[in-house]
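Welcome, and please open your viewer so that we can walk through this protein together.

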Amino acid sequence: ARCGQPCLVTLTTDSNMVRRGNQGWVYGWQRQGWRKADGKRALNVDLWQQLLPLLQTHTVTFNWVKGHAGHPYNERCDALAVQEYTKHK
């Protein structure tokens, strides 16, 4: 919530990285200067840096759905992402 009040959130994603990353991997990457165990830079650091503080404030349940499988909200998010991506090519 914009007012900073804790909320119950269901985050639906087709990304296993998002779903599982918050279970511990991402905190290790953060401690290691955003490097993964293999020494490579973690992906989407800018997005993780926005998400992590929100996970501290809100109670988030991660709901995984298969991508491109007809889930209406997931398909809508994909369409919006593609639209934005093509604007910035």
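Accessible areas here come from the Shrake-Rupley method with a 1.4 Å probe. By that method the protein chain exposes about 6800 Å², and carbon and sulfur atoms supply 52% of this area. Please keep in mind on the whole tour that this is a predicted model.

**The whole chain**

Start with a cartoon view. The protein chain has three helices and two strands, and from the N terminus on they follow the order β-α-α-β-α. Of the 89 residues, 19% count as buried. Among contacts with a separation of 6 or more, 58% are between residues 24 or more positions apart.

**Stop one: Thr-13**

Select Thr-13, which sits in strand S1 (residues 8–13). Is Thr-13 buried or exposed? Its relative accessible area is 8%, so Thr-13 is buried. Now show the neighbours: leaving out residues up to four places away in sequence, Thr-13 touches Val-18, Arg-19, Asn-63, Trp-64 and Val-65. A polar atom of the Thr-13 side chain lies 2.9 Å from the backbone nitrogen of Ser-15.

**Stop two: the tryptophan cluster**

Next, show the side chains of Trp-25, Trp-29 and Trp-48, which ring pairs link into a cluster. A pair of aromatic rings is described by the distance of the centres and the angle of the planes. How many aromatic pairs are there? The count comes to two. One of them joins Trp-25 and Trp-29 in a tilted arrangement, with 6.3 Å from centre to centre and 45° between the planes. Both of these residues belong to helix H1 (residues 16–31), where Trp-25 and Trp-29 are four residues apart, about one turn of the helix. Trp-25 is partly exposed, with a relative accessible area of 43%, whereas Trp-29 counts as buried at 9%.

Now move your view to Trp-29 and Trp-48. Their ring centres are 6.1 Å apart and their planes meet at 75°, so this pair is edge-to-face. Trp-29 is in helix H1 and Trp-48 is in helix H2 (residues 45–57), so the pair ties together parts that are 19 residues apart in sequence. Both Trp-29 and Trp-48 are buried.

**Stop three: the loop between H1 and H2**

Most residues other than glycine have a negative phi. With that in mind, select Trp-34, in the loop between H1 and H2. Trp-34 is not a glycine, yet it has a positive phi of about 65°. Its relative accessible area is 9%, which means that Trp-34 is buried.

Then select Asn-44, which lies in the loop between H1 and H2 too. What is the phi of Asn-44? It is positive, at about 55°, although Asn-44 is not a glycine. With 48% relative accessibility, Asn-44 counts as partly exposed.

**Last stop: the cysteines**

How many disulfides does the structure hold? The number is zero. A disulfide needs two cysteine sulfur atoms within 2.5 Å. The cysteine sulfur closest to that of Cys-77 is in Cys-7, 18 Å away, so the gap is too far for a bond. Cys-7 is partly exposed, at 26% relative accessibility.

Definitions and conventions: Residues numbered from 1 in each chain as written. Predicted model: local features only at pLDDT ≥ 70, side-chain atom pairs only at ≥ 80, totals over all residues. Heavy atoms only, no water. Buried < 20%, exposed > 50% of the residue type's maximum accessible area, 1.4 Å probe, protein only. Polar contact = N/O pair within 3.5 Å; in protein donor to acceptor, adjacent residues only side chain to side chain. Contact = heavy atoms within 4.5 Å. Phe/Tyr/Trp six-rings, centres within 6.5 Å; stacked < 30°, edge-to-face > 60°.
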